[in-house]
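Subject: Structure handover

Hello,

The structure is below, with notes on what was found in it. Please look it over before reading on.

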Amino acid sequence: MSTGTPLTLPPELRARLRTLRLRPRLASGARGIGQHASRSRGAGLEFAQYRAYEPGDELRQIDWKLYARSDRFFVRESERESPITVWLLLDATASAGQADRAAPQRTRLCHMRGLAACVVELALQQGDRFGLLAVNGDGLQLVPAGNGARQRDRVHLQLHALQARGGWPAADRLRPLWERVRPGDLLLAIGDGFDEASIVLLEQLASARREVMLLQVLGADERDFPFDAGHRFRDPETGEELLGDGAAIRADYLLRFAAAHSALQSRLQASGIASATGWLDQPLDQPLQVVFGRGGGA
């Protein structure tokens, strides 16, 4: 899914997405200020209609009595209230341009685009509103919330144009974010989670009654550290470089990486922020399955 091709999702991925539902925790009770109720067809309680079974539908939604009469599979769709607007917050700073040695053409930003497209499809199939907030060295790039196929095209167009560059901008340049993301909205942050300022922002949003989740995207090289000889390590945002023997520092690096990852998860949990980690060598929807699948953290 490169920057020069449409953000198309393979059929098998779309099938897996149809088993997921955006289920914000904070919106499950009384509605907060700024929330809205939209009627959409999903897995709710009030029966709405039948439709033909499609691969990926949950077996529990099949009407077996109707199958016995017609010898065809039909799925019961229900109307449900969806009192959310979904916001995608992408960290497109320079570190998003990193890639694994095994797949140098697929950067973190490419993976993030695909993951964002998955969330858009989920919101679209539920009839929810969705918008995009992209952050890089240029500041904040905004696609206001909307719904429908044309809104999906607008978000995809901005995702195509997005480039990984610069560092996290100053707080005053992110002021429009606070004007758009209202209490009760669901904000899905997508990025590496390594920028302190970005985590502080998520904590502030969560404390201000926005529902916040982090979909962390990391490289297999960061997880496995496959470097076994002299290597020049470069910070893409600061330009700082470090020369080191990969084999000699691997064990220490893996310990530090695991500790930092665990500390971040504990910090997010303390703020009520659900999170899941996806890796560049694994399926796009992996973190979505964790937070929105059956038994997920959402």
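In the largest nonpolar core, which has 42 residues, Leu88, Leu90, Ile190, Leu288 and Phe292 touch the most other members. A nonpolar core here is a set of buried Ala, Val, Leu, Ile, Met, Phe, Trp, Tyr and Cys residues joined through side-chain atoms within 4.5 Å; buried means under 20% relative accessible area, exposed over 50%, and partly exposed in between (1.4 Å probe, protein chains only). Helix α3 (residues 108–126) contributes 10 residues, the most to this core. Helices (H or I, at least four residues) and strands (E, at least two) are DSSP runs numbered from the N terminus. Another core, of 22 residues, lies apart from it and includes Leu140, Val212, Leu214 and Ile273.

This is a predicted model: local features need pLDDT of at least 70, side-chain atom pairs count only at pLDDT 80 or more, and totals for chains, interfaces and linings use all residues. Residues are numbered from 1 along each chain as its sequence is written, and side-chain values use heavy atoms, with hydrogens and water left out.

Leucine 90 is in contact (heavy atoms within 4.5 Å) with Met112, Ala116, Leu132, Leu133, Ala134, Val135, Leu159, Leu162 and Ile190, leaving out residues up to four places away in sequence.

Cysteine 110 is buried at 6% relative accessibility, and cysteine 118 is buried at 0%. With a disulfide taken as a pair of cysteine sulfur atoms within 2.5 Å, the count is zero.

Arginine 18 sits in the loop between α1 (11–17) and β1 (39–42) and is partly exposed, at 24% relative accessible area. Arginine 18 and leucine 122 are 104 residues apart in sequence, and their C-alpha atoms are 7.6 Å apart.

Regards
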